[in-house]
Amino acid sequence: MPPVHPHNRPHRPLFAIGLRLVAVICLSIMFIAGRLADTHGVHIVETLFYRQALALPVVFLWIAMSSGVGSIRTRRIGVHATRMAIGLTGMALNFLSYILLPPAEAATTGFTMPIFGTILSALILHEATGLHRWSAVATGFMGVLIMVRPDAGHFPPIGVAVAITAALVTASVSLVLRELGRTENAGVIVFWFTLLSVPLLGIGMLFHGQAHDAVTWGLLLLVGVAGGIAQICLTAALRWGPVSVVLPMDYSSIIWTTLLGWAIWGDWPMATTWIGAALIIASGLYIAWREHVRARRYESG
């Protein structure tokens with residue numbers, strides 16, 4: 001497949017946003033299932049292994065029905081390996097954040113990912129980022145401080161640190177995905193990420209793999225299938241729209257995680273969580289709006 005230059009890349013922002021929303025719903029289900037699996041004694045290595053191994057058939061079927069099996073050929077295996085290493089690290093940290101923090105707070109802390117995405121896009125991709133966006137970034141971090149309230153001791157510091165680190169690593173993955181998206185379709189990217197990670201996690205399974213009951217296997221199956229669908233939609237969204245447009249859609253996860261956390265554990269976020277989430281969401285929406293304004297100015301010449 002010939003390289004796709006930036007000015008020739010397809011740009012369908014509404015379609016990209018829709019894909020991202022589907023991905024966020026699936027990710028919320030995946031992380032809640034992973035948290036439940038942890039309460040059933042599942043090791044994090046097992047969760048990651050079944051997340052990838054069970055997602056592989058979903059991804060392969062999607063490729064076969066769309067672009068064809070032959071499309072998985074690639075000449076950029078090194079970049080795929082880099083994406084796998086960073087992505088697997090981010091995935092592990094995200095699962096741990098949902099284990100260490102209440103679901104709504106884990107999701108809200110993860111909202112720093114779009115903020116980190118804006119920062120990294122400016123520093124690494126040299127995307128135009130003016131005073132308006134930097135002000136929005138500062139507002140977002142203020143929201144995180146209000147929610148976490150480090151002086152109050154509401155949440156374990158290690159959990160908050162893991163969640164913020166997960167957001168930074170996941171934002172870094174988005175930049176790698178944009179680079180891969182110039183020459184590879186979504187199916188190829190997801191396939192190689194999933195396939196390359198399975199042998200590595202398989203080694204870990206030699207030490208942590210164990211038998212489970214039917215309910216636990218069902219949770220692991222849900223983790224894998226939901227994760228596979230989410231991964232496809234995440235990658236495709238970044239091909240059809242820029243990082244600054246699609247990443248703010250992650251904010252909708254506060255709805256799904258709050259409802260699931262309340263239904264399963266009776267957890268309801270504190271007032272400071274809602275205030276912090278409102279500031280972070282406002283930050284992301286403003287960043288997205290500035291991106292839209294900039295794109296309109298570019299199109300009008």
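Tutor: The model is predicted: local features need pLDDT of at least 70, side-chain atom pairs count only at pLDDT 80 or more, and totals for chains, interfaces and linings use all residues. Residues are numbered from 1 along each chain as its sequence is written, and side-chain values use heavy atoms, with hydrogens and water left out.

Student: Which elements does the chain have, and what makes a run count as one?

Tutor: There are twelve helices and zero strands. Helices (H or I, at least four residues) and strands (E, at least two) are DSSP runs, numbered from the N terminus.

Student: Why is Leu88 called buried?

Tutor: Its relative accessible area is 9%, under the 20% cut-off, so Leu88 is buried. Leu88 lies in helix 3 (residues 77–100). Leaving aside residues up to four places away in sequence, Leu88 touches Phe193, Ser197, Leu200 and Leu201; contact means heavy atoms within 4.5 Å.

Student: What makes a set of residues a nonpolar core?

Tutor: Its members are buried Ala, Val, Leu, Ile, Met, Phe, Trp, Tyr and Cys residues joined through side-chain atoms within 4.5 Å. The largest one here has 67 residues, and Met30 and Phe95 have the most contacts inside it. Helix 1 (residues 13–39) gives the largest share of this core, eleven residues. A second, separate core of nine residues includes Leu56, Val59, Val190 and Phe191.

Student: Why is helix 5 called oblique to helix 7?

Tutor: The axes of helix 5 (residues 112–123) and helix 7 (residues 157–180) come within 8 Å and cross at roughly 50 degrees. Axes are lines fitted to C-alpha atoms, for helices over the stretch in contact, and angles run from 0 to 180 degrees between N-to-C directions. Under 35 degrees counts as roughly parallel, over 145 as roughly antiparallel, 65 to 115 as roughly perpendicular and the rest as oblique. Roughly 50 degrees belongs to the rest, so helix 5 is oblique to helix 7.

Student: How do the residues of that contact divide?

Tutor: They divide into eight nonpolar, five polar and no charged. Ala, Val, Leu, Ile, Met, Phe, Trp, Tyr, Cys and Pro count as nonpolar, Asp, Glu, Lys and Arg as charged, and the others, Gly among them, as polar. Phe116 and Gly117 of helix 5 are among the residues making the contact.

Technical notes: Buried means under 20% relative accessible area, exposed over 50%, partly exposed in between (1.4 Å probe, protein chains only).
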